[in-house]
Amino acid sequence: MDAQTETEVPAGSVSDEPFLGPLDIILLVSLLAGTAWYLLKGKKKESQASQFKSYSIQPTTVNTMTMVENSFIKKLQSSGRRLVVFYGSQTGTAEEFAGRLAKEGIRYQMKGMVADPEECNMEELLMLKDIDKSLAVFCLATYGEGDPTDNCMEFYDWIQNNDLDMTGLNYAVFGLGNKTYEHYNKVGIYVDKRLEELGANRVFELGLGDDDANIEDYFITWKEKFWPTVCDYFGIESTGEDVLMRQYRLLEQPDVSADRIYTGEVARLHSLQTQRPPFDAKNPFLAPIKVNRELHKAGGRSCMHVEFDIEGSKMRYEAGDHLAMYPVNDRDLVERLGRLCNAELDTVFSLINTDTDSSKKHPFPCPTTYRTALTHYLEITALPRTHILKELAEYCGEEKDKEFLRFISSTAPDGKAKYQEWVQDSCRNIVHVLEDIPSCHPPIDHVCELLPRLQPRYYSISSSSKLHPTTVHVTAVLVKYETKTGRLNKGVATTFLAEKHPNDGEPAPRVPIFIRKSQFRLPPKPETPVIMVGPGTGLAPFRGFIQERDHCKQEGKEIGQTTLYFGCRKRSEDYIYEDELEDYSKRGIINLRVAFSRDQEKKVYVTHLLEQDSDLIWSVIGENKGHFYICGDAKNMATDVRNILLKVIRSKGGLSETEAQQYIKKMEAQKRYSADVWS
């Protein structure tokens, strides 16, 4: 009836006319005939189309597939598996550990599969007990200020906020954390405890890995006891020695057309050529670099100030957020690795998962070339873990080399010690290992399978979008150091950035980036006083904070006392943003407290200044409910600053040690104490 329109008639005239006139009847018959013809024609077309593949029915097909793919229970049942290993991973280590556990399950009659909680219907955990002798293992990293990783957030919220019945679920948890951070392994500890509270059965004790030490060693030590306990619990036996099996099969593809080959895209093919928002970790924005200038004035070290142009990207950021950047590996290292593996780097290939039930069909975007894989997709500068060395041993032409690699990848105490000394302490990456074990010549495709994925690097944003809405600034120290073997190791991302200089008359160099939101924020009211402690590049987010407060002042708003503690080696060498900071200080925007550790005989650090300023600190955090921020080194500086803060709270607030700890915890809960730290 949509085709009929209502016409206005004078009031009172409706009853004088018949309901349908001759013209109305003709129109109605025509309309009905037309509709019937259209429907019949549509049915005929549909029957013809059903003989061919039609786009109109694809969405249904895709949705059905997604539902099946999301069901890890169905995958376990259809493939006769009993072990599922979930991972919460931000940098790839937890995912790698999960893969190793699932692979090892075969030798314990526990054929396993790896699962990403973000891609699974985790409510199916309640059904896992229906599979006989089943086991769920969780490899969970703690990230940021005690947070779950991005791919684990929904699962974490689900078990946290629902009163579930997990009776009959067998589980074990291995946590990945870093002892230099205050919330060490918070996520692993919580999930282990929460699953037990919900009635699940812990098969083996919680494992806690410390990334500040050798997390590989923690994992292996836990795993050594985990498998015998699992065997005892389920009444099964080990099938014997490790079975070294390839997870992916090689398919070389010389005939694939050039427009189907990945050249560095993270997910969607050609996403770096045809850019379209929204931009995120799987679809980064190729940002032009507008400025790349040196901040250090002398001293031999380098610190870069880099400005990325985000105009037209629809990306938004706030002071305190992080910029993530996808770097590329050093060309020379890629070439050396290719030669060591006797590889033709421009060969087009795919690695295809031999586990057809896995949602991960390839370890990285395929098809691609070996050169692209080693340049864009693989961490070739990472120190190889023991499972990589164990597999490389099989490609040694000389027995002594094979025995050495097997020895340092073993679980024997002296083997672990040798691994620590030869790999960790000497900072040997895969290229160095193959150079120093001359009879080892692994095939390049197996190396590509073994190496972890190249991860984005994160930097605290050092600008405010209120002042710079179309650019994002970062502050980065160039990483470069000599190893015990006399080699020069370079940071992947900062070396990549150091080469990206815009030149007049040339297209601006571009870098794939995305913005990651943070909880590191200025208080909502600009009049709230704040203390910021940021030595070295820890200054970065505070530069954005100060710009924001200056902007508020320019708008006529009242701003609270803004105290910055900054430290570096020498005023004449590495006092970054000196002119800006001194100007803010002169104009009364900030109370600037600086420490130059090597400008006098006795070293002075920001911690010394904080100890002198206990009255100021208590005035801000105790009397005026201000905010306290730390950014920079987690291992020493952040710990020392927190201890000084505890001391101030105890002495000025008249509190006990326990009460002072509770005071800081309350500040954290109120977002009045925040740390953006790294180790």
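The following legends describe close-up views of a predicted model.

**View 1**
With a relative accessible area of 28%, Arg 202 is partly exposed. Beyond its neighbours within four places in sequence, Arg 202 is in contact with Tyr 171, Asp 192 and Glu 196. Tyr 171 is 31 residues from Arg 202 in sequence, yet the two C-alpha atoms are 5.1 Å apart in space.

**View 2. Cysteine residues Cys 440 and Cys 631.**
The number of disulfides in the model is zero. For Cys 440, the nearest cysteine sulfur is that of Cys 396, at 3.9 Å; because a disulfide requires sulfur atoms within 2.5 Å, Cys 440 is in no disulfide. Cys 440 has a relative accessibility of 2% and therefore counts as buried. Cys 631 is likewise buried, at 0% relative accessibility.

**View 3. The largest nonpolar core, with Leu 392 and Cys 448.**
This core comprises 40 residues, among which Leu 392 and Cys 448 touch the most other members. Elements giving two or more residues to the core include strand S12 (348–353), helix H10 (386–392), helix H12 (413–425) and helix H14 (444–450). Helix H8 (331–340), helix H9 (370–377), helix H11 (399–408) and helix H13 (430–436) are also among these contributors. Apart from neighbours within four places in sequence, Leu 392 is in contact with Leu 405, Ile 430, Val 433, Leu 434, Cys 440, Pro 442 and Leu 450. Another core, of 31 residues, lies apart from this one and includes Leu 140, Cys 152, Leu 169 and Val 173.

**View 4. The three-stranded open sheet S8-S12-S13.**
The strands of this open sheet follow the order S8-S12-S13 and pair in the antiparallel sense. Strand S8 (248–252) and strand S13 (368–369) form the edges; each has a single partner strand, so one side of each is left without a neighbour in the sheet. Two bridges make up the antiparallel pairing of S12 with S13. Thr 368 in S13 is the bridge partner of Phe 349.

**View 5. The stacked aromatic pair of Phe 349 and Tyr 370.**
The structure contains 32 aromatic pairs. In the pair of Phe 349 and Tyr 370, the ring centres are 4.0 Å apart and the planes lie at 20°, a stacked arrangement. The pair links distant parts of the chain, with Phe 349 in strand S12 and Tyr 370 in helix H9, 21 residues apart. Phe 349 is buried at 0% relative accessibility, and Tyr 370 is buried at 2%.

**View 6. The stacked aromatic pair of Phe 566 and Tyr 575.**
The ring centres of Phe 566 and Tyr 575 are 5.6 Å apart, and their planes meet at 20°, so the pair counts as stacked. Phe 566 has a relative accessible area of 0% and is buried. Tyr 575 also counts as buried, at 0% relative accessibility.

**View 7. An aromatic cluster that includes Trp 222 and Trp 227.**
One aromatic cluster is formed by Phe 97, Tyr 108, Phe 174, Phe 204, Phe 219, Trp 222, Phe 226 and Trp 227.

Methods: Residues numbered from 1 in each chain as written. Predicted model: local features only at pLDDT ≥ 70, side-chain atom pairs only at ≥ 80, totals over all residues. Heavy atoms only, no water. Buried < 20%, exposed > 50% of the residue type's maximum accessible area, 1.4 Å probe, protein only. Contact = heavy atoms within 4.5 Å. Core = buried A, V, L, I, M, F, W, Y, C linked by side-chain atoms within 4.5 Å. Helix = DSSP H or I, 4+ residues; strand = E, 2+ residues; numbered from the N terminus. Pairing = 2+ DSSP bridges. Phe/Tyr/Trp six-rings, centres within 6.5 Å; stacked < 30°, edge-to-face > 60°.
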